[in-house]
Amino acid sequence: MEIIVCVKHVPETAEAEIAIDSSGKGIKTEDLVFDINEWDDYAVEEAVLIKEKLGGRVTIVTVGSEDADKTLRKCLAKGADRAIRLTDKAFDGSDAYATAKILYGVIKDLPFDLILTGTQAGDDGYAQVGVILAGFLGIPHATMVKKIELMEGFTRVNRELEGGLEQVMEVGTPALLAVQTGINEPRYVSIMGIRKARQKELKVLGLNDLGLKEEEVGESGSWITVEEMFIPPVEKEAEILVGGLDAISSKIVETLRARGLI
Amino acid sequence: MTELFVLAEHRRGELRDVTFEMLTKGRELIARADVDLTAVLLGHNVKELAIRLADQVKKVLVVDDARLKDFNEVAYQKVLTHLISERKPVLILIGHTSFGIDLAPSLATKLNVPLATDCIDINFEEKKPIVVRQVYGGKVNIKASLRTSESYIVTLRPATIEAKEVKPIGGEIIEVASPLKEEPTTKRFIEYFEPPAGEVDITAADVLVSVGRGIKDADSMPIVEKLAEALGGAVACSRPIVDKGWLSADRQVGTSGKTVKPKLYLAVGISGAFQHVSGMKNSELVIAINRDAKAPIFRAADFGVVEDLFKVVPILTDRVLQEKKSSK
Ligand SMILES: Cc1cc2nc3c(=O)[nH]c(=O)nc-3n(C[C@H](O)[C@H](O)[C@H](O)COP(=O)(O)OP(=O)(O)OC[C@H]3O[C@@H](n4cnc5c(N)ncnc54)[C@H](O)[C@@H]3O)c2cc1C
Ligand SMILES: Nc1ncnc2c1ncn2[C@@H]1O[C@H](COP(=O)(O)O)[C@@H](O)[C@H]1O
């Protein structure tokens, strides 16, 4: 099995203070910690599990800056065999469509039986790159995949629908599957493991290597352009309880009693 | 006259709410432009759904084909490519749902039409759509424009636009012959799968103590279990807790879990992603505990506690137990 996994190196923002940068179109990233996109961690795990069962090779591909090597090394430590980073000044400002074109630029010449991506990236959350890439490659896809069974010439997948329901589909292979969180339990890798993985191949390619023209990528090659970034207007805000842990607990208890909840 | 398409979403014989949310937005958009609003319904034996849609919109295009009975992106994409190429609608609205996520990017790539996904709003400025999207887990919004084109595709986030129905207008139902030639071979719908129900029904509980990733590890779960027990409620959770296997899937609140409306929803260490909030926003009273004052959950709560949950929850649990003892 030749498996390609597309991963993105993204900032962790769930607990971080977010500030808009001077361009007004992005956030300040200097103080943020970057890591593998949550969904992609599951995709890498799934690829490694399949390889462990059936043999083969796992190739990781990312579009990003040199910083993304941290994520690539992590993937290699998890059991991937080689990594390709696609880096070029011209790629800046790419949306999902342009990113898919860049990925296509390298993947079109690689052997594969299966391509895995995440359902969405936690930063811009387009939930598009995988499906567009599949379109360029002319292969079928399935998104929000929670279970993968590989058969001869096709794969049987469970797609997550709303409300806990799933849809079982059969998709011809080679296929692109965009996985959903919870499909497996991503393994933990130690610093030692990451260090050891340094021997594995990590290739860097740019615009010219992919046979792409500058106007096909970046902002000019994108479907959408960010005009403005802003903090969402607050329509309703909770009343924040203050005064120390005891006072806060008492206030909550009072509120609950007043409503007959205790 | 040019059209604005709303792709009706239905499952197991029922139209999904997002359809009416999109129709509401569509109606608002055409009020300021010379455009017809058209609902597009693909399915099999969907007469009743067509009639229901025709109550709300002047024109319903129906493609009836056995191969469209259950959602299959390949079949849907082929039919829509045909309809869009023929009728050249200025905008196609699709729900940002499991169906829309599978379909919209493939349709846009096929037609080479610009697409903006997961939008919470859309407006036309000088004939071009300007969309609003949430990024970074709902902490910031962006306004974005789409590359100039004859048509555009936009997917709308469910449960963000309030659906408003108009008095039944008895619109026209237009049947279009199915352009599908053969059975899609690269993708087949097999069946629906419903995970077995668990022992606790969180939708029936009056009090829910809901726990999120802030709890950090499985060993800490008892602190929220104790609070739930003290309050006589059940433990619910956000998705990562189920993904990690700390609680079973029937405890999950949100778009891919359950929708709950308890008398009290206590959110502990939950950031308040929209997929979570849409499953609990109709709770009667929401109290959120989160150490990040900017967490979006505070926009969905009545009361907020900006503290470390490991400090507040045990003290709160004791207080509740004391209160119960003294009122006996
Ligand atoms: C298609 C799709 C469907 C989804 N369906 C659902 C769904 O049904 N339900 C759902 O919940 N999610 C769903 N999600 C996931 C959702 O987008 C979020 O990723 C998820 O809700 C985040 O869970 P969380 O708030 O527990 O974790 P995080 O976002 O990581 O937030 C953890 C919070 O805990 C706080 N915290 C950390 N430590 C402490 C402490 N010591 N004391 C107090 N606070 C602390 C942090 O400040 C942070 O706000 C879905 C996603 C997708 C793409
Ligand atoms: N810059 C990138 N490099 C490699 N893969 C990416 C990149 N951006 C997105 N992807 C892949 O596409 C998936 C969906 O991302 P998105 O469409 O941006 O929400 C991610 O989970 C990744 O697998």
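Reply: Asp41(A) is buried, its relative accessible area being 16%. Here buried means under 20% relative accessible area, exposed means over 50%, and partly exposed is in between (1.4 Å probe, protein chains only). Lys78(A) also counts as buried, at 5%. These two residues form a salt bridge, with 3.0 Å between the closest N and O atoms. The bridge links distant parts of the chain: Asp41(A) is in helix H1 (residues 38-54) and Lys78(A) in helix H2 (residues 69-78) of chain A, 37 residues apart. A salt bridge is a side-chain nitrogen of Lys or Arg within 4 Å of a carboxyl oxygen of Asp or Glu. Helices (H or I, at least four residues) and strands (E, at least two) are DSSP runs, numbered from the N terminus.

This is a predicted model: local features need pLDDT of at least 70 and side-chain atom pairs count only at pLDDT 80 or more, while totals for chains, interfaces and linings use all residues. Residues are numbered from 1 along each chain as its sequence is written, chains are lettered from A and ligands numbered from 1 in the order in which they are written, and side-chain values use heavy atoms, with hydrogens and water left out.

Another pair in chain A is Asp69(A) and Arg85(A), a salt bridge whose closest N and O atoms are 2.7 Å apart. Asp69(A) belongs to helix H2 and Arg85(A) to strand S5 (residues 82-86) of chain A, so the bridge ties together parts 16 residues apart in sequence. Asp69(A) and Arg85(A) are both buried.

Other bridges run between the chains. Glu323(B) and Arg257(A) meet through their side chains in a salt bridge of 2.8 Å, N to O. Because Glu323(B) is in helix H8 (residues 309-326) of chain B and Arg257(A) in helix H6 (residues 244-258) of chain A, this pair joins two chains. Glu323(B) is buried, at 14%, whereas Arg257(A) is partly exposed, at 46%. Lys216(B) pairs with Glu15(A), the closest N and O atoms being 3.7 Å apart. A network of salt bridges links Lys146(A), Glu160(A), Arg239(B) and Asp243(B). Between chain B and chain A the count is twelve salt bridges, and over all chains the structure holds 41.

Now the interface as a whole. Chain B has 84 residues in contact (heavy atoms within 4.5 Å) with 80 residues of chain A. About 7300 Å² is buried between them, and carbon and sulfur atoms give 57% of this. Buried area is the accessible area (1.4 Å probe) that two parts lose on being put together, summed over both.

Helix H6 of chain A also holds Ser249(A), which counts as buried at 0% relative accessibility. Leaving aside neighbours within four places in sequence, Ser249(A) is in contact with Val312(B), Ile315(B), Leu316(B) and Arg319(B). A polar atom of the Ser249(A) side chain lies 2.9 Å from the backbone oxygen of Leu245(A).

Methods: Polar contact = N/O pair within 3.5 Å; in protein donor to acceptor, adjacent residues only side chain to side chain.
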